[in-house]
Amino acid sequence: KTITTVPAGRPRRRRLDKNKTEPVREEVDEDDQYINNILQELRVELDVKRREEERLQREIADVLTECASGSTGGEQSRAFGMAVSRLNNAMLVVEADAKQLASSLRTISRLADNISGKVSALDVAKTRVVECLQLAGDMHDLGVCSEEVDKCINNEDYEQAAQHIHRFLTLDRAVFQFSSAADKEAGQSVSHSYEILTNATSRLKEILERKLEAAVDSEDVATMQRFVKLFPLINEHDSGLVRFGKYLSRQITKIGEDNLKIMGAGGLDDKRIEVLYADTLFLFFE
C-alpha cells in the first residue's frame, strides 16, 4: 500500500472574543498556515522514501527470480558449495597440522628434559673430575715439598724452604683426609709427608727467629729485611713484626737521646738558639 495523501488534521476552533474578534482570527490563520507547510514537507519526504523502497523491492525480486529460474543461479550455488567444500578441506588440513605440531612440541619437550638431565649429570661429573685433578696435584706438591724442604733448610736456602712450607699450608685439607682404605701405601705417604712438613715448619720458625734476633742485636738492616719477609710465608706474621718492632723502638730511642744531647749542648747553630727546642722536635719526628 502507498500513502498518497496525509490528512490535514483536526481543524482548530477559532476563539471568539467579544472585544477583539479580528486579531484572534489573524492568529488562527497564521497557525494553520505553519502546520500546512510542515505537512507539505513531510508529504514530500515520505514520497521520496516510498519510491526508494519500491526500487529496492524490485531489485531484490529480480535477484531472487534470476537465482531461482536461470542457469546462472545454479552455477552460483555450485560455486558457493565448492567454495564451502574447499574451506572445509582447508580447515581439516589446518586441524591435522595443528595436531602434528602439538605432538612435535611434546616430543621436543621430552627431549629437552632428557638433554637437561644429561647436561646436569655431566656438570656433576666435571666437578668431580676437577676436584680429583686438584687433589692429585696437591698430593704431588705435598710429596715434592716434603722431599725438598729439609734439603733447603740444611743448605740455608731459607727462602725456598719458606716457599715449600707456604705451599704446604695452603693445600686443601682434603689431601690430609685421604682415606687409607683405598690405598694404604698412599695414605701412609701422605701422613709421612705431613709429619715432615710440620716438623720443618717448627724448625724453620726457630731458625728465622734466631737469625732475626741476631740481626736486630747487630743492627744488620739487610739481614733483618731478608728474614722479616719470610715470616708471613709460614703464617707467623706477628712474630716477625714484634722483633722488627724492637729494632725500630731502639732506633727511635737512640735518635731521641742524641737529639736531646744536642739540645743540651746548645745546638749546632748559634743563630737558632731561640728555636732550639723546635729544631729538636723537628729532627726527632723527621
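Here is a quick tour of a nonpolar patch, an aromatic pair and some salt bridges in a predicted model.

## Ground rules

Residues are numbered from 1 along each chain as its sequence is written, and side-chain values use heavy atoms, with hydrogens and water left out. In this predicted model, local features need pLDDT of at least 70 and side-chain atom pairs count only at pLDDT 80 or more, while totals for chains, interfaces and linings use all residues.

## A nonpolar patch

Leu248, Ile252, Ile255, Tyr277, Leu281, Phe284 and Phe285 make a nonpolar patch of about 710 Å². (Patches are made of residues with over 30% relative accessible area and no salt bridge; like charges are joined within 9 Å, and nonpolar side chains, meaning Val, Leu, Ile, Met, Phe, Trp and Tyr, within 5 Å. Areas come from the Shrake-Rupley method with a 1.4 Å probe, and for residues only the protein chains shown count as cover.)

Two elements give two or more residues each: α6 (237-264) and α7 (276-285). Helices here are DSSP runs of H or I, at least four residues long, numbered from the N terminus. The largest share, four residues, comes from α7. Leu281 is found in that helix, α7, and is partly exposed, with a relative accessible area of 35%. (Buried means under 20%, exposed over 50%, and partly exposed in between, using a 1.4 Å probe and protein chains only.)

## An aromatic pair

The whole structure holds three aromatic pairs. (Rings of Phe, Tyr and Trp, the last by its six-membered ring, pair if their centres lie within 6.5 Å; planes under 30 degrees apart count as stacked, over 60 as edge-to-face, and the rest as tilted.) One of them is the tilted pair of Tyr158 and Phe227, 6.0 Å centre to centre with 55° between the planes.

## Salt bridges

Side chains of opposite charge can pair when their charged atoms come close. A search finds twelve salt bridges (a side-chain nitrogen of Lys or Arg within 4 Å of a carboxyl oxygen of Asp or Glu) in the whole structure. Arg167 meets Asp138 at 3.0 Å, N to O; Arg167 lies in helix α3 and Asp138 in helix α2 (residues 71-154), so the bridge ties together parts 29 residues apart in sequence. Arg167 also meets Asp141, at 2.7 Å. Asp138 is buried at 7%, whereas Asp141 is partly exposed at 23%.

Elsewhere, Arg243 bridges to Glu213, with the closest N and O atoms 3.0 Å apart. That pair links helix α6 to helix α4 (residues 184-218).
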